[in-house]
Amino acid sequence: QSTVPQPPTLDASQLFSVRLWQERDEHDRTIVRGKAQHVLSGETYYFEDWRMLDEFLAEQMQALAQRAM
């Protein structure tokens, strides 16, 4: 018997909007910049590379896990 998975509750999930764009740096190289925004709270985080986005999202997930305890 198959069941349709239910979406997680708001307490168990977070929704972010991520926007990416390209810019030129001082050496005329193309770089990617971005913005992650928590959809419900509007909290916004700007980043300049993938590592920064990864760290931000990891922090958010760690905070979510802490609240679940």
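Reader: Let's start with arginine 29: what does its relative accessibility come to?
Author: Arginine 29 sits at 49% relative accessibility, so it counts as partly exposed. The scale is: buried under 20% relative accessible area, exposed over 50%, partly exposed in between, with a 1.4 Å probe and protein chains only.

Reader: And what are these numbers based on?
Author: This is a predicted model, where local features need pLDDT of at least 70 and side-chain atom pairs count only at pLDDT 80 or more, while totals for chains, interfaces and linings use all residues. Residues are numbered from 1 along each chain as its sequence is written, and side-chain values use heavy atoms, with hydrogens and water left out.

Reader: OK, which side chain does arginine 29 meet in a salt bridge?
Author: Aspartate 25, at 2.9 Å from N to O. A salt bridge here is a side-chain nitrogen of Lys or Arg within 4 Å of a carboxyl oxygen of Asp or Glu. Aspartate 25 counts as buried because its relative accessibility is 16%.

Reader: How many salt bridges by that rule?
Author: The count is 6. One of them joins glutamate 23 and arginine 33, at 2.6 Å from N to O. That pair links distant parts of the chain, with glutamate 23 in strand 1 and arginine 33 in strand 2, 10 residues apart. Both partners are partly exposed: glutamate 23 at 32% and arginine 33 at 22%.

Reader: What about arginine 51, which partner does its side chain meet?
Author: Aspartate 49, at 3.7 Å. Arginine 51 is partly exposed at 48%, and aspartate 49 is partly exposed at 31%. Elsewhere, salt bridges that share partners tie Glu23, Arg33 and Glu48 into one network.

Reader: Switching to the fold: in what order do the elements run?
Author: From the N terminus it goes β-β-β-α, so to speak 1 helix and 3 strands by DSSP runs (helices are H or I, at least four residues; strands are E, at least two; numbering starts at the N terminus).

Reader: In what sense do strand 1 and strand 2 pair?
Author: Antiparallel, over 9 bridges; two strands pair if DSSP finds at least two bridges between them. Arginine 24 stands opposite threonine 30 in strand 2. The hairpin has 5 residues between the strands, and aspartate 28 takes a positive phi near 65° there.

Reader: Now the inside: which residues make up the largest nonpolar core?
Author: Ala36, Phe47, Met52, Leu53 and Phe56, 5 residues in all. The largest share, 3 residues, comes from helix 1 (residues 50–68). A nonpolar core is a set of buried Ala, Val, Leu, Ile, Met, Phe, Trp, Tyr and Cys residues joined through side-chain atoms within 4.5 Å.

Reader: What does phenylalanine 47 touch?
Author: Leaving out residues up to four places away in sequence, its contacts (heavy atoms within 4.5 Å) include Val18, Leu20, Ala36, Met52 and Leu53.

Reader: And glutamine 60, buried or exposed?
Author: Glutamine 60 is buried, with a relative accessible area of 18%. Glutamine 60 is in helix 1 and touches Phe16 and Glu43, again not counting residues up to four places away in sequence.

Reader: How much of the protein is buried overall?
Author: Buried residues make up 14% of the 69 residues. The accessible surface comes to about 5,900 Å², with 52% of it belonging to carbon and sulfur atoms; areas come from the Shrake-Rupley method with a 1.4 Å probe, and for residues only the protein chains shown count as cover.
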